Amino acid sequence: MATQQSKAHHVGEWAALRCTSLEIAEAIFEVANYDERLAEQIWEQQGSDDVLIRAFNKTEDDVLTWDNKVVERKNV
């Protein structure tokens, strides 16, 4: 079973490879219950409201990136 630290490291790498903010990647994996196949499907949809709400709740930032696309808090 993966530890929280290894999960966090994996999610960080996953986010970096996809040019996606860590907060969005963390939210995607939470929604997917850490199922990587489901996480990939969610990521491909680019704009899940549940994911974006969770992601912005993790940060004070007003802008995050999803596949190199800017997502603004005010649009969520």
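Biologist: Why is Y34 called partly exposed?

Modeller: Its relative accessible area is 36%. The scale calls a residue buried under 20% relative accessible area, exposed over 50% and partly exposed in between, using a 1.4 Å probe and protein chains only. A value of 36% falls in the middle band, so Y34 is partly exposed.

Biologist: Before we go on, what kind of model is this?

Modeller: It is a predicted model, where local features need pLDDT of at least 70 and side-chain atom pairs count only at pLDDT 80 or more, while totals for chains, interfaces and linings use all residues. Residues are numbered from 1 along each chain as its sequence is written, and side-chain values use heavy atoms, leaving out hydrogens and water.

Biologist: How many helices and strands make up the secondary structure of the protein?

Modeller: There are 4 helices and 2 strands, in the order α-α-α-α-β-β from the N terminus. Both kinds of element are DSSP runs, numbered from the N terminus: helices are H or I with at least four residues, and strands are E with at least two. Of the 76 residues in the protein, 33% are buried.

Biologist: Which residues of the largest nonpolar core touch the most other members?

Modeller: They are W14, I24, I28, A39, V51 and W66, in a core of 19 residues. Such a core is a set of buried Ala, Val, Leu, Ile, Met, Phe, Trp, Tyr and Cys residues joined through side-chain atoms within 4.5 Å. At least two residues of this core come from each of α1 (4–17), α2 (22–31), α3 (36–45), α4 (49–57) and β1 (63–66). Helix α2 gives the largest share, 5 residues.

Biologist: What does V51 touch?

Modeller: Leaving out residues up to four places away in sequence, V51 touches I24, A27, I28, V31, I42 and W66. Contact here means heavy atoms within 4.5 Å.

Biologist: Now the rings. Why is the pair of W14 and F29 called edge-to-face?

Modeller: Rings of Phe, Tyr and Trp (its six-membered ring) pair if their centres lie within 6.5 Å; planes under 30 degrees apart are stacked, over 60 edge-to-face, and the rest tilted. That rule gives 3 aromatic pairs. For W14 and F29 the centres are 5.0 Å apart and the planes at 85°, so the pair is edge-to-face. W14 belongs to helix α1 and F29 to helix α2, so the pair ties together parts that are 15 residues apart in sequence.

Biologist: What makes the pair of F29 and Y34 tilted?

Modeller: The angle between the planes is 40°, with 6.0 Å from centre to centre. W14, F29, Y34 and W43 form one aromatic cluster.

Biologist: How do you know that R18 lies over the face of W43?

Modeller: R18 is 5.9 Å from the ring centre and lies over the face. A charge sits over a ring if NZ of Lys or CZ of Arg is within 6 Å of the ring centre and within 35 degrees of the ring normal.

Biologist: What does the side chain of T20 reach?

Modeller: The backbone oxygen of R18 at 3.0 Å, and the backbone nitrogen of D67 at 3.0 Å. A polar contact is a pair of N or O atoms within 3.5 Å; within protein, one must be able to donate a hydrogen and the other to accept it, and residues adjacent in sequence count only if both atoms are side-chain atoms. T20 sits in the loop between α1 and α2 and is buried, at 7% relative accessible area.

Biologist: Where is S21 found?

Modeller: In the loop between α1 and α2. A polar atom of the S21 side chain lies 2.7 Å from the backbone nitrogen of T65. S21 has a relative accessible area of 12%, so this residue is buried.

Biologist: Last one: why does N68 count as exposed?

Modeller: Its relative accessibility is 58%, over the 50% limit, so N68 is exposed. N68 lies in the loop between β1 and β2 (69–72), with a positive phi near 65°. Y34, which is not a glycine either, has a positive phi of about 60°. Most residues other than glycine have a negative phi.
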